[in-house]
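Thanks for coming, everyone. Please have a look at the model on the screen, and then I'll walk you through a few parts of it.

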Amino acid sequence: AANTNLYRTVNWAANSEDGAKIEQGSHRTQATLAQARDAVARFDRRWTVSDREKAVLTAIAKALETYSNAATNVVEMVASDAATAFIFLLTAEAGFDEVKTHLDALRAAQLAQTESSTRATVEAEADTRRLFLVLLAVSLVLAALVTVTVSRMIVRPIVGMTRAMTALAGGDGSVPILGVGRRDEVGRMAEALQVFKSVIGE
């Protein structure tokens, strides 16, 4: 915006006698340059910057200072001699091109940093997904092991008691009762079945 204001100011000075417009353009140019210098100075305080970006910011600040000096020369000259101000403007334009080149380098560095952050985020997401799948697989294996263990602890004794009850119902008192001595429900059922066996044996 400063460069555009500078061109407008020189154009007004060359093609108009309106001193207020020329003064207004000069003030806008100076104000815009001050904002640009302030923005560059605050950039590394507001954002985390890499060493590469710091070097680019230093180059931008230097180029902006050179451009600001050239633009100030144009602004000071424009009120008295528009033709000389235009010649000074060509010098300022070279400074502006240098600032623009450094700004493009900063944008490229920021783009590279953004792409790097995006890649890291995608990789972290993939790692998290893999970890989740591994934990899910481990959980399923553990659930299967618990199911098998519980079924062996409960189902086998109950199947054995069912055989013993069937044998006792058929009058066979010699059948062994599995689970006697256990301290759970299966053990209590086995003890009750043992009582029936004792009754049948008498």
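I'll take the helices, then the salt bridges, then the pocket.

Some ground rules. This is a predicted model: local features need pLDDT of at least 70, side-chain atom pairs count only at pLDDT 80 or more, and totals for chains, interfaces and linings use all residues. Residues are numbered from 1 along each chain as its sequence is written, and side-chain values use heavy atoms, with hydrogens and water left out.

Start with helix H1. Helices here are DSSP runs of H or I, at least four residues, numbered from the N terminus. H1 covers residues 2–15, which makes 14 residues. From first C-alpha to last, H1 reaches 20 Å. That is close to the 20 Å expected at 1.5 Å a residue; the expected span is 1.5 Å times one less than the number of residues.

Which residues of H1 are buried? They are Ala2, Asn3, Asn5, Leu6, Thr9, Val10, Trp12 and Ala13. Buried means under 20% relative accessible area, exposed means over 50%, and partly exposed is in between, with a 1.4 Å probe and protein chains only. And what covers them? The cover includes helix H2 (19–46), helix H3 (51–78) and helix H4 (82–169).

Now into H2. Ser26 is found there. Why does Ser26 count as buried? Because its relative accessibility is 8%, and the cut-off for buried is under 20%. Leaving aside residues up to four places away in sequence, Ser26 touches Thr9, Val75 and Val78. Contact means heavy atoms within 4.5 Å.

Lys21 and Leu33 are 12 residues apart in sequence, and their C-alpha atoms are 18 Å apart in space.

Next, salt bridges. How many does a search of the whole structure find? Six. A salt bridge is a side-chain nitrogen of Lys or Arg within 4 Å of a carboxyl oxygen of Asp or Glu.

One is in H2. Arg42 pairs with Asp38, with the closest N and O atoms 3.0 Å apart. The two are four residues apart in the helix, so about one helical turn separates them. Arg42 is partly exposed at 33%, and Asp38 is partly exposed at 38%.

Why does that spacing matter for direction? An α-helix has 3.6 residues a turn, so residues three or four places apart point the same way.

Now to H4. Arg107 bridges to Asp104, closest N and O atoms 2.6 Å apart. Both lie in H4, three residues apart, about one turn. Asp104 is partly exposed, at 38%.

Also in H4, Arg129 and Glu125 are four residues apart, again about one turn. Their closest N and O atoms are 3.0 Å apart. Arg129 is partly exposed at 47%, and Glu125 is partly exposed at 43%.

Last stop, the largest pocket. What lines it? Ala36, Ala39, Val40, Phe43, Leu57, Ile60, Leu64, Val99, Leu103 and Leu106. H2, H3 and H4 each give two or more residues to that lining. The largest share, four residues, comes from H2.

That's the tour. Questions, please.

Conventions. 1 Å grid on protein atoms, 1.4 Å probe; cavity = no way out; pocket = protein on both sides within 12 Å on 5 of 7 lines; lining within 4 Å.
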